[in-house]
Amino acid sequence: MTRIDAKFAALKKQGKKAFVSYIMAGDPDLETSLEVMKGLPGAGVDIIELGVPFTDPMADGPTIQLAGQRALDGGQTLQKTLDMAAEFRKNDDTTPIVLMGYYNPIYSRGVDRFLTDAKAAGIDGLIVVDLPPEEDSELCLPAQAAGINFIRLATPTTDDARLPKVLQNTSGFVYYVSVTGITGAQAAQAGEVGPEVARIKAKTDLPVIVGFGITTPEAAQTIASVADGCVVGSAIVKEISAGKPTAEILSFVASLAKGAHSA
């Protein structure tokens with residue numbers, strides 16, 4: 001059982017939905033992003049999604065693109081992101097960490113080396129948005145063999161013919177993208193999301209977590225109520241990009257977590 005599996009089992013026992021938060025590693029700098037990351041569990045975050053900055057983030061909207069650019073300008077690398085996770089693990093051995101990013105930096109490093117290093121750093125899951133199921137032998141299957149969950153995205157355009165392929169080797173949870181398009185661009189609507197989550201859950205026992213387009217505690221509550229939990233990314237990254245103090249950022253995160261947990 002991975003940390004992700006254990007977390008969902010614990011939440012189920014408590015009758016609570018999951019709150020997942022996304023931050024970009026190295027934004028605005030390594031020290032600040034590590035400080036924010038260390039504070040997330042105390043703010044009610046159940047799973048941390050840690051973005052790996054990349055030069056061509058095709059699934060991300062302007063907010064996260066700019067965060068990645070700031071991180072890269074500050075010298076953030078895949079290695080520094082793994083180091084950040086390892087540093088976090090010194091004081092927290094239970095909160096799951098999911099790396100979210102693109103395949104190029106992993107490919108450049110070499111899959112075997114990357115998986116060994118990711119496991120050693122305490123990484124629990126991967127979301128690699130530009131690797132479709134047809135490429136499962138590249139990274140997905142080796143990751144599963146290494147004990148790291150490979151989390152797949154399902155979207156409004158994932159029809160019933162495509163869904164089984166998407167779910168085939170997915171583990172940990174299914175990430176349902178609530179809107180067609182990029183992160184942070186439009187608001188998620190529970191009326192549209194609910195039936196889609198039900199459609200996915202009819203085909204898998206995995207938890208379904210909804211992300212993209214959730215920016216307020218009220219939205220977190222509404223969306224979590226029709227799923228197993230929700231993800232907030234761009235809204236948190238905006239707080240960081242505004243240069244707010246860590247305590248203020250974490251207070252905002254706590255309000256989102258409270259919303260999700262009250263669903």
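How much space lies in the largest cavity? I began my notebook with that, and I found about 150 Å³.

**Ground rules.** I am working with a predicted model, in which local features need pLDDT of at least 70, side-chain atom pairs count only at pLDDT 80 or more, and totals for chains, interfaces and linings use all residues. Residues are numbered from 1 along each chain as its sequence is written, and side-chain values use heavy atoms, with hydrogens and water left out.

**Terms for empty space.** Rolling a probe the size of a water molecule over the atoms shows where empty space is left. On a 1 Å grid over the protein atoms alone, a cavity is a set of points where a 1.4 Å probe fits but cannot get out, while a pocket is an open set with protein on both sides within 12 Å along at least five of seven lines; lining residues have an atom within 4 Å of a point. Points are joined across faces, edges and corners, and a volume is the space filled by probe spheres set on them.

**Cavities.** I looked up how many cavities of 30 Å³ or more the structure holds, and there are 3. The largest cavity has 18 lining residues, with Y175, T183, F212, G233 and S234 nearest its centre. Strand β9 (229-232) and helix α11 (234-241) are the elements that give two or more residues to this lining. Helices (H or I, at least four residues) and strands (E, at least two) are DSSP runs, numbered from the N terminus. By class, I noted 9 nonpolar, 7 polar and 2 charged residues around the largest cavity. Here Ala, Val, Leu, Ile, Met, Phe, Trp, Tyr, Cys and Pro count as nonpolar, Asp, Glu, Lys and Arg as charged, and the others, Gly among them, as polar.

The second largest cavity holds about 90 Å³. Of its 13 lining residues, Y22, V52, D60, G101 and Y102 lie nearest the centre. At least two lining residues come from each of β1 (18-24), α3 and β3 (97-101).

**Annotated residues.** Which residues does UniProt list for "active site"? The unreviewed entry gives E49 and D60, and the lining of the largest cavity takes in E49 and D60. Such annotations may be inferred rather than shown by experiment.

I found E49 in strand β2 (residues 47-51). E49 counts as buried because its relative accessibility is 1% (buried means under 20% relative accessible area, exposed over 50%, partly exposed in between, with a 1.4 Å probe and protein chains only). Among the residues that E49 touches are S21, Y22, M100 and Y175; contact means heavy atoms within 4.5 Å.

D60 sits in the loop between β2 and α3 (62-73). At 7% relative accessibility, D60 is buried too.

The largest pocket has about 390 Å³ of space. Among its 21 lining residues, V129, R152, L153, T155 and T158 are the closest to its centre. The second largest pocket has a volume of about 210 Å³. Helix α1 (residues 3-14) gives the largest share of that lining, 4 residues.

**Aromatic pairs.** I counted 4 aromatic pairs. In F54 and Y102, ring centres are 5.4 Å apart and planes at 25 degrees, so the pair is stacked. Rings of Phe, Tyr and Trp (its six-membered ring) pair if their centres lie within 6.5 Å; planes under 30 degrees apart count as stacked, over 60 as edge-to-face and the rest as tilted. Both F54 and Y102 are buried.

Key:
Lists of a residue's contacts leave out its neighbours within four places in sequence.
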